[in-house]
Amino acid sequence: MGLISNGTTLLDAGALDSGVATGAMTLIKTLTASSDGTLSFVHGASSVIFDGTYKEYIFKCINMHASSDNSEGQEFEFNVSIDGGSNYNVAKTTTTFRSGHNETDTTTQLSYVGSYDLAQGTGFQGLTEGDGIDNDQSCSGTIHIYNPADTTFVKHYMSNFNVYRHNNFSANWYTAGYANTTSAVNAIRFKYLGGNIDSGTIKMYGIK
């Protein structure tokens with residue numbers, strides 16, 4: 001027996017009807033770092049689709065590992081472009097908070113991180129802080145960008161990353177905001193605040 005809502009067949013014999021959108025993720029491009037200064041996804045370059053084909057794009061950053069740090073660890077960050085990657089300097093207004101817990105179970109934290117906010121800032125937005133560079137340390141997370149090709153509204157984004165910090169903390173970072181432009185965003189770049197991306201994989205998906 002099929003499942004029907006308001007005269008529309010949603011399920012038939014256990015399968016979604018062909019006319020029902022599934023929200024499936026389509027893998028567009030995979031980049032793997034090997035001591036790279038940056039990793040960029042630019043619409044129209046190297047088979048990248050970053051336009052109105054999809055209303056939502058997801059970037060999965062897997063085991064990103066920095067080549068070097070300082071006493072406070074590293075910072076993984078991103079920026080977007082409206083000119084095909086010639087410039088990554090779009091104004092952004094953002095908000096950030098984090099939670100944390102150390103391996104010895106002696107310290108926890110939950111805090112708003114105002115120092116990572118941007119208020120119409122054009123620089124790169126931090127997605128993590130304090131990333132360690134020991135062989136087993138890295139950060140992983142996702143960033144969602146909504147309707148980047150729209151020419152009426154600003155471009156919202158949300159991200160969530162977990163970090164194995166240099167001081168043996170698990171830190172979970174939530175960052176969100178908008179690129180304050182009504183021009184189409186057509187490129188995104190990832191990098192560390194200092195040094196190269198020693199290793200890691202970023203997968204770009206489109207969501208119908």
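How many nonpolar, polar and charged residues does the lining of the largest cavity have, by class? The legends below take up this question first and then turn to other close-up views of the model, which is a predicted one.

**View 1. The largest cavity and the residues that line it.** The structure holds one cavity of 30 Å³ or more, and the volume of the largest cavity is about 60 Å³. Its lining is made up of Phe-78, Val-80, Lys-92, Ile-145, Lys-155, Tyr-157, Tyr-178, Ala-179 and Val-185. Strand 7, strand 13 and strand 14 are the elements that each contribute two or more residues to this lining. Sorted by class, the lining has seven nonpolar residues, no polar residues and two charged residues, which answers the opening question.

**View 2. The largest nonpolar core, with three phenylalanines picked out.** This core has 36 residues, and among its members Phe-59, Phe-76 and Phe-190 touch the most others. Strand 6, which covers residues 56–66, supplies the largest share of the core, namely five residues.

View 3. Strand 7 (residues 76–81) and strand 15 (residues 187–192) run antiparallel and are joined by six bridges. One place to look for this pairing is Ser-81, whose bridge partner in strand 15 is Ala-187. In general, strands of a sheet pair through backbone hydrogen bonds, either parallel or antiparallel.

**View 4. The salt bridge between Glu-77 and Lys-191.** The structure holds three salt bridges, and in the one shown here the closest N and O atoms of Glu-77 and Lys-191 are 2.5 Å apart. Because Glu-77 lies in strand 7 and Lys-191 in strand 15, the pair ties together parts that are 114 residues apart in sequence. Glu-77 has a relative accessibility of 3% and therefore counts as buried, and Lys-191, with a relative accessibility of 17%, also counts as buried. Both values fall under the 20% relative accessible area that sets the limit for a buried residue.

**View 5. A network of salt bridges that links Arg-98, Glu-129 and Arg-165.** Glu-129 forms a salt bridge with Arg-98, in which the closest N and O atoms are 3.3 Å apart. This pair links distant parts of the chain, with Glu-129 in the loop between strand 11 and strand 12 (139–146) and Arg-98 in strand 8 (residues 92–102), 31 residues apart. Glu-129 also forms a salt bridge with Arg-165, and here the closest N and O atoms are 2.9 Å apart. Arg-165 sits in the loop between strand 13 (155–164) and strand 14 (169–179), and this second pair again links distant parts of the chain, its two residues being 36 residues apart. Glu-129 counts as buried because its relative accessibility is 12%, and Arg-165 counts as buried because its relative accessibility is 9%. In general, side chains of opposite charge can pair when their charged atoms come close.

**View 6. Ser-47 and Asn-63, each a residue other than glycine with a positive phi.** For background, most residues other than glycine have a negative phi. The phi of Ser-47 is near 70°, and Ser-47 lies in the loop between strand 5 and strand 6. With a relative accessible area of 62%, Ser-47 is exposed. The phi of Asn-63 is near 50°, and the place of Asn-63 is in strand 6. Asn-63 is partly exposed, its relative accessible area being 44%.

**View 7. Asp-117 and Thr-94, two residues 23 apart along the chain.** Asp-117 is found in the loop between strand 9 (108–112) and strand 10 (119–121), and a separation of 5.2 Å lies between its C-alpha atom and that of Thr-94. Asp-117 is partly exposed, with a relative accessible area of 24%.

Notes
Residues numbered from 1 in each chain as written. Predicted model: local features only at pLDDT ≥ 70, side-chain atom pairs only at ≥ 80, totals over all residues. Heavy atoms only, no water. Core = buried A, V, L, I, M, F, W, Y, C linked by side-chain atoms within 4.5 Å. Buried < 20%, exposed > 50% of the residue type's maximum accessible area, 1.4 Å probe, protein only. Helix = DSSP H or I, 4+ residues; strand = E, 2+ residues; numbered from the N terminus. Pairing = 2+ DSSP bridges. Salt bridge = Lys/Arg side-chain N within 4 Å of Asp/Glu carboxyl O. 1 Å grid on protein atoms, 1.4 Å probe; cavity = no way out; pocket = protein on both sides within 12 Å on 5 of 7 lines; lining within 4 Å. Points joined across faces, edges and corners; volume = space filled by probe spheres on them. Nonpolar A, V, L, I, M, F, W, Y, C, P; charged D, E, K, R; others polar.
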